[in-house]
Amino acid sequence: MRKAVAFTGPSNSGKTTLIEKIAKRLISSYKLAIIKNDPGDKAKFDKEGKDSYRFFQTGAEVVVTSPTRTTYFSHRQKSLDEIINMINDFDILLVEGLKYLPLPRIGVFRGEIDESYFRYIKAVAIDDSVDKSLIPKNIEILDLNDVDEIIEWVLENAKEV
């Protein structure tokens, strides 16, 4: 059974750090996959002048394979289903961003809360810098610093995909 859950929140709220901590804890018991959204198209995955960079510049779909990894470079945005089919072999999928996807979602906030996220999330992971009274009653509150509590929520609430 494959399950997926998503994490969303403003830049520098701690999403990546939280997902990393969860992944490090779960990797010994589950096959994990992680999808990260790059809405600003800022990520750089290859160095100019390298073969894979040169191949990608042609406009082709490029796969680089080695004894320890396979990397896929695509010019087309993929749907969640397409990515799931491509990855295929996982137990738990952790998604960072992509708030429009219909997945159970934890909002990650520090300092301030952006209420525009409320319609997308089922829970928030916050620390003491956030005023809990600002969070609607229908949204579960999790301690951002309690990875075990967040993992328990993930395992109970992740959606079968």
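Predicted model: local features only at pLDDT ≥ 70, side-chain atom pairs only at ≥ 80, totals over all residues.
Q: Why is Y117 called buried?
A: Its relative accessible area is 10%. Buried means under 20%, exposed means over 50%, and partly exposed is what falls in between, using a 1.4 Å probe and protein chains only. So Y117 counts as buried. Residues are numbered from 1 along each chain as its sequence is written, and side-chain values use heavy atoms, with hydrogens and water left out.

Q: What makes the pair F109 and Y117 edge-to-face?
A: Rings of Phe, Tyr and Trp (its six-membered ring) pair if their centres lie within 6.5 Å; planes under 30 degrees apart are stacked, over 60 edge-to-face, and the rest tilted. For F109 and Y117 the centres are 5.7 Å apart and the planes sit at 75°, so this pair is edge-to-face. F109 is buried too, at 0% relative accessibility.

Q: How do you know that the charged end of K99 sits over the ring of Y117?
A: The rule wants NZ of Lys or CZ of Arg within 6 Å of the ring centre and within 35 degrees of the ring normal. The charged end of K99 is 4.6 Å from the centre of the Y117 ring and counts as sitting over that ring.

Q: How many aromatic pairs does the ring rule give?
A: The count is two. F56 belongs to helix 2 (residues 51–57) and F73 to strand 4 (residues 70–73), so the pair ties together parts 17 residues apart in sequence. Helices (H or I, at least four residues) and strands (E, at least two) are DSSP runs, numbered from the N terminus.

Q: Why is F56 called partly exposed, and why is F73 called buried?
A: F56 has a relative accessible area of 22%, so it is partly exposed. F73 comes in at 12%, so it is buried.

Q: What puts the buried residues of helix 4 on the same side?
A: Those residues are V147, I150, I151, W153 and V154. They cover an arc of only 160° around the axis, going by the directions from the helix axis to the C-beta atoms, so they share one side of helix 4. Over on the other side, D148 and E156 are exposed.

Q: What does I150 touch beyond its neighbours within four places in sequence?
A: With contact meaning heavy atoms within 4.5 Å, I150 is in contact with F7, L18, I22, I106, A125, L142, D143 and L144. I150 is also among the residues with the most contacts inside the largest nonpolar core, which has 22 residues. Such a core is a set of buried Ala, Val, Leu, Ile, Met, Phe, Trp, Tyr and Cys residues joined through side-chain atoms within 4.5 Å.

Q: Why is N145 called exposed?
A: Its relative accessible area is 58%, so N145 is exposed. N145 lies in the loop between strand 8 (140–143) and helix 4 (147–157).
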